[in-house]
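Subject: Structure handover

Hello,

Here is the structure you asked for. Please open it first, then read my notes below.

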Amino acid sequence: MRVRINKYLATCGLGSRRRVESYINQKKVSINGKLARLYDYVCPETDTVMVGKKIVKPKKFEYYILNKPKGVVSTTKDEFGRKTVLDFVKTKAKLKIAGRLDIDTTGVVLLTDDADLITKITQSKNNIVKTYRVVVAGRLDQDKIKLLEQGVNLGGYVTKPANVEVVEIGKNRSVFNLSLSEGKYHQIKKMCERIKLPFIELTRIAIGGLSLGSLMPGQVKKLKRSEIYKIFNLKNLS
Ligand code: URA
(Lines give C-alpha, C1' and ligand atoms only; values in the text may rest on other atoms or scores of the structure.)
Protein backbone atom coordinates (compact mmCIF):
# COMPACT_ATOMS: atom_id res chain seq x y z
CA MET A 1 0.00 0.00 0.00
CA ARG A 2 1.33 3.44 -0.92
CA VAL A 3 0.83 6.42 1.39
CA ARG A 4 1.51 10.13 1.15
CA ILE A 5 4.91 11.07 2.56
CA ASN A 6 3.44 13.50 5.14
CA LYS A 7 1.16 10.79 6.50
CA TYR A 8 4.03 8.30 6.59
CA LEU A 9 6.28 10.70 8.54
CA ALA A 10 3.49 11.48 11.02
CA THR A 11 3.16 7.72 11.58
CA CYS A 12 6.88 7.63 12.40
CA GLY A 13 6.20 9.87 15.40
CA LEU A 14 7.73 13.03 13.96
CA GLY A 15 4.73 15.19 14.81
CA SER A 16 1.54 16.32 13.12
CA ARG A 17 1.25 16.33 9.34
CA ARG A 18 1.75 20.09 9.28
CA ARG A 19 4.97 19.79 11.25
CA VAL A 20 6.37 17.02 9.06
CA GLU A 21 5.51 19.04 5.96
CA SER A 22 7.90 21.70 7.21
CA TYR A 23 10.71 19.08 7.22
CA ILE A 24 9.88 18.29 3.60
CA ASN A 25 9.84 21.97 2.67
CA GLN A 26 13.19 22.39 4.40
CA LYS A 27 14.56 19.58 2.18
CA LYS A 28 15.41 17.37 5.14
CA VAL A 29 13.52 14.34 3.87
CA SER A 30 14.62 11.80 1.27
CA ILE A 31 12.99 8.73 -0.26
CA ASN A 32 15.45 6.10 -1.55
CA GLY A 33 18.17 8.77 -1.66
CA LYS A 34 16.12 11.37 -3.59
CA LEU A 35 14.80 14.57 -2.01
CA ALA A 36 11.15 14.16 -1.10
CA ARG A 37 8.46 16.52 -2.39
CA LEU A 38 5.24 17.31 -0.58
CA TYR A 39 3.03 15.18 -2.81
CA ASP A 40 5.27 12.12 -3.07
CA TYR A 41 4.03 8.70 -2.07
CA VAL A 42 6.00 5.95 -0.34
CA CYS A 43 5.65 2.23 -0.05
CA PRO A 44 6.31 1.59 3.68
CA GLU A 45 7.44 -2.02 3.06
CA THR A 46 10.10 -1.32 0.44
CA ASP A 47 11.11 2.37 0.44
CA THR A 48 13.84 3.86 2.62
CA VAL A 49 12.80 7.19 4.09
CA MET A 50 15.38 9.38 5.82
CA VAL A 51 15.06 12.59 7.81
CA GLY A 52 18.51 14.13 7.86
CA LYS A 53 20.87 11.15 8.25
CA LYS A 54 18.39 8.99 10.12
CA ILE A 55 16.21 6.26 8.64
CA VAL A 56 12.68 6.62 9.99
CA LYS A 57 10.21 3.77 10.47
CA PRO A 58 6.57 3.67 11.61
CA LYS A 59 6.29 3.89 15.36
CA LYS A 60 4.10 1.80 17.65
CA PHE A 61 1.86 4.43 19.20
CA GLU A 62 -0.10 3.82 22.37
CA TYR A 63 -3.77 4.69 22.90
CA TYR A 64 -5.65 4.70 26.20
CA ILE A 65 -9.18 5.70 27.11
CA LEU A 66 -9.60 6.85 30.71
CA ASN A 67 -12.75 7.63 32.64
CA LYS A 68 -11.38 10.68 34.40
CA PRO A 69 -12.60 10.95 37.99
CA LYS A 70 -13.36 14.25 39.72
CA GLY A 71 -10.41 16.03 41.34
CA VAL A 72 -7.95 14.92 38.63
CA VAL A 73 -6.32 17.51 36.39
CA SER A 74 -6.08 17.16 32.61
CA THR A 75 -2.43 18.11 32.41
CA THR A 76 0.73 16.06 32.14
CA LYS A 77 2.27 17.70 35.26
CA ASP A 78 0.73 19.68 38.09
CA GLU A 79 2.62 22.33 40.03
CA PHE A 80 0.39 21.75 43.10
CA GLY A 81 1.03 18.01 43.16
CA ARG A 82 -2.54 17.05 42.28
CA LYS A 83 -3.25 13.78 40.55
CA THR A 84 -3.11 14.06 36.76
CA VAL A 85 -4.71 11.91 34.05
CA LEU A 86 -1.26 10.43 33.34
CA ASP A 87 -1.09 8.93 36.85
CA PHE A 88 -3.61 6.32 35.69
CA VAL A 89 -1.38 4.81 33.00
CA LYS A 90 1.88 2.91 33.45
CA THR A 91 3.98 3.47 30.36
CA LYS A 92 7.24 4.99 29.20
CA ALA A 93 5.49 6.56 26.19
CA LYS A 94 5.22 10.35 26.22
CA LEU A 95 1.44 10.54 26.28
CA LYS A 96 -0.53 13.69 25.55
CA ILE A 97 -4.20 14.47 26.11
CA ALA A 98 -6.70 14.70 23.28
CA GLY A 99 -9.26 17.14 24.67
CA ARG A 100 -8.98 18.32 28.25
CA LEU A 101 -11.69 18.29 30.90
CA ASP A 102 -12.16 20.58 33.89
CA ILE A 103 -11.02 19.25 37.25
CA ASP A 104 -14.62 18.63 38.38
CA THR A 105 -15.73 17.02 35.07
CA THR A 106 -15.61 13.24 34.73
CA GLY A 107 -15.56 11.06 31.65
CA VAL A 108 -13.76 10.17 28.45
CA VAL A 109 -10.17 11.29 28.03
CA LEU A 110 -8.02 9.90 25.25
CA LEU A 111 -4.31 9.62 26.01
CA THR A 112 -1.85 8.93 23.22
CA ASP A 113 1.59 9.75 21.82
CA ASP A 114 0.11 9.92 18.29
CA ALA A 115 0.35 13.68 17.65
CA ASP A 116 -1.38 13.40 14.30
CA LEU A 117 -4.46 11.81 15.87
CA ILE A 118 -4.58 14.45 18.63
CA THR A 119 -4.59 17.19 15.97
CA LYS A 120 -7.42 15.48 14.13
CA ILE A 121 -9.54 15.09 17.23
CA THR A 122 -9.00 18.53 18.68
CA GLN A 123 -9.14 20.76 15.59
CA SER A 124 -12.68 22.15 15.41
CA LYS A 125 -12.62 22.13 11.57
CA ASN A 126 -12.70 18.31 11.76
CA ASN A 127 -16.07 18.47 13.53
CA ILE A 128 -15.49 15.58 15.91
CA VAL A 129 -18.62 15.55 18.07
CA LYS A 130 -18.18 15.32 21.83
CA THR A 131 -21.17 14.25 23.88
CA TYR A 132 -21.67 15.28 27.51
CA ARG A 133 -24.19 14.19 30.13
CA VAL A 134 -25.20 17.43 31.80
CA VAL A 135 -27.03 17.71 35.12
CA VAL A 136 -28.49 21.12 35.99
CA ALA A 137 -30.70 22.59 38.69
CA GLY A 138 -34.07 23.68 37.28
CA ARG A 139 -36.35 22.85 34.39
CA LEU A 140 -34.99 22.50 30.88
CA ASP A 141 -37.88 23.82 28.78
CA GLN A 142 -38.28 23.95 24.98
CA ASP A 143 -36.96 27.56 24.76
CA LYS A 144 -33.78 26.59 26.55
CA ILE A 145 -33.32 23.49 24.41
CA LYS A 146 -33.71 25.69 21.30
CA LEU A 147 -31.11 28.11 22.61
CA LEU A 148 -28.62 25.35 23.42
CA GLU A 149 -29.14 23.83 19.96
CA GLN A 150 -29.10 27.02 17.90
CA GLY A 151 -26.34 28.84 19.73
CA VAL A 152 -25.87 30.62 23.04
CA ASN A 153 -24.33 34.07 23.08
CA LEU A 154 -21.45 33.89 25.54
CA GLY A 155 -20.76 37.61 25.35
CA GLY A 156 -19.20 38.15 21.94
CA TYR A 157 -19.12 34.50 20.92
CA VAL A 158 -22.12 32.49 19.76
CA THR A 159 -21.74 28.75 20.21
CA LYS A 160 -22.05 26.54 17.13
CA PRO A 161 -25.17 24.43 16.54
CA ALA A 162 -25.42 21.58 19.02
CA ASN A 163 -27.77 18.72 19.73
CA VAL A 164 -29.78 18.13 22.91
CA GLU A 165 -31.18 14.75 23.92
CA VAL A 166 -33.38 14.95 26.99
CA VAL A 167 -32.80 12.26 29.61
CA GLU A 168 -34.99 13.57 32.41
CA ILE A 169 -36.80 16.84 33.09
CA GLY A 170 -37.93 17.83 36.56
CA LYS A 171 -38.92 21.10 38.22
CA ASN A 172 -35.72 21.30 40.24
CA ARG A 173 -33.34 19.12 38.24
CA SER A 174 -32.87 18.22 34.59
CA VAL A 175 -30.52 15.81 32.86
CA PHE A 176 -29.65 15.92 29.16
CA ASN A 177 -27.02 14.84 26.66
CA LEU A 178 -25.40 17.72 24.82
CA SER A 179 -23.42 16.98 21.65
CA LEU A 180 -21.12 19.64 20.23
CA SER A 181 -18.23 19.83 17.83
CA GLU A 182 -16.29 22.59 19.57
CA GLY A 183 -14.64 22.89 22.96
CA LYS A 184 -14.12 26.40 24.23
CA TYR A 185 -12.87 26.93 27.77
CA HIS A 186 -15.66 26.02 30.31
CA GLN A 187 -18.05 26.10 27.35
CA ILE A 188 -20.87 23.97 28.74
CA LYS A 189 -20.76 25.56 32.19
CA LYS A 190 -20.96 29.00 30.54
CA MET A 191 -23.82 27.89 28.25
CA CYS A 192 -25.82 26.61 31.24
CA GLU A 193 -25.10 29.73 33.25
CA ARG A 194 -26.21 31.93 30.35
CA ILE A 195 -29.59 30.20 30.04
CA LYS A 196 -30.05 30.36 33.81
CA LEU A 197 -29.72 26.68 34.58
CA PRO A 198 -27.26 26.31 37.46
CA PHE A 199 -24.80 23.61 36.56
CA ILE A 200 -24.51 20.58 38.89
CA GLU A 201 -22.51 17.88 37.14
CA LEU A 202 -20.78 17.15 33.85
CA THR A 203 -19.54 13.91 32.32
CA ARG A 204 -18.13 13.48 28.83
CA ILE A 205 -19.70 10.27 27.64
CA ALA A 206 -18.14 10.15 24.16
CA ILE A 207 -15.59 11.68 21.81
CA GLY A 208 -16.89 10.80 18.35
CA GLY A 209 -17.47 7.04 18.39
CA LEU A 210 -15.20 6.55 21.41
CA SER A 211 -17.59 6.12 24.32
CA LEU A 212 -17.24 5.40 28.01
CA GLY A 213 -19.05 2.07 27.85
CA SER A 214 -18.79 0.35 31.20
CA LEU A 215 -15.54 2.07 32.21
CA MET A 216 -15.84 3.29 35.83
CA PRO A 217 -14.19 6.53 37.05
CA GLY A 218 -10.46 5.86 37.40
CA GLN A 219 -10.51 2.88 35.02
CA VAL A 220 -8.37 2.88 31.93
CA LYS A 221 -8.37 0.69 28.83
CA LYS A 222 -5.63 0.26 26.25
CA LEU A 223 -6.79 0.33 22.65
CA LYS A 224 -5.15 -0.91 19.47
CA ARG A 225 -4.23 1.52 16.74
CA SER A 226 -6.54 -0.33 14.36
CA GLU A 227 -9.47 0.03 16.82
CA ILE A 228 -8.89 3.75 17.29
CA TYR A 229 -8.53 4.41 13.56
CA LYS A 230 -11.74 2.51 12.90
CA ILE A 231 -13.60 4.45 15.61
CA PHE A 232 -12.51 7.77 14.09
CA ASN A 233 -12.99 6.60 10.54
CA LEU A 234 -9.35 7.12 9.62
CA LYS A 235 -7.21 5.13 7.23
CA ASN A 236 -4.56 3.09 8.98
CA LEU A 237 -1.07 2.70 7.56
CA SER A 238 -0.76 -1.00 8.30
N1 URA B 1 -17.32 22.16 29.06
C2 URA B 1 -17.06 22.55 30.33
O3 URA B 1 -17.61 23.55 30.81
N4 URA B 1 -16.18 21.82 31.04
C5 URA B 1 -15.58 20.70 30.59
O6 URA B 1 -14.81 20.05 31.30
C7 URA B 1 -15.88 20.31 29.26
C8 URA B 1 -16.74 21.06 28.51
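One of its oxygen atoms is 3.5 Å from a polar backbone atom of Q187. Such a polar contact is a pair of N or O atoms within 3.5 Å; within protein, one must be able to donate a hydrogen and the other to accept it, and residues adjacent in sequence count only if both atoms are side-chain atoms. The protein buries 94% of the 240 Å² that the ligand exposes when taken alone (Shrake-Rupley accessible area, 1.4 Å probe).

A polar atom of the D102 side chain lies 2.7 Å from a ligand nitrogen atom. For T105, a polar side-chain atom lies 2.9 Å from a ligand oxygen atom.

A caution: this is a predicted model, where local features need pLDDT of at least 70, side-chain atom pairs count only at pLDDT 80 or more, and totals for chains, interfaces and linings use all residues. Residues are numbered from 1 along each chain as its sequence is written, and side-chain values use heavy atoms, without hydrogens and water.

Which residues surround the ligand? They are L101, D102, T105, Y132, H186, Q187, I188, K189 and L202 (near means a heavy atom within 4 Å).

Now the domains. Domain 2 (63-125 + 210-236) and domain 3 (129-207) both give residues to the lining of the largest pocket, so this pocket lies between them. The domain bounds come from an automatic or database domain assignment.

Best wishes
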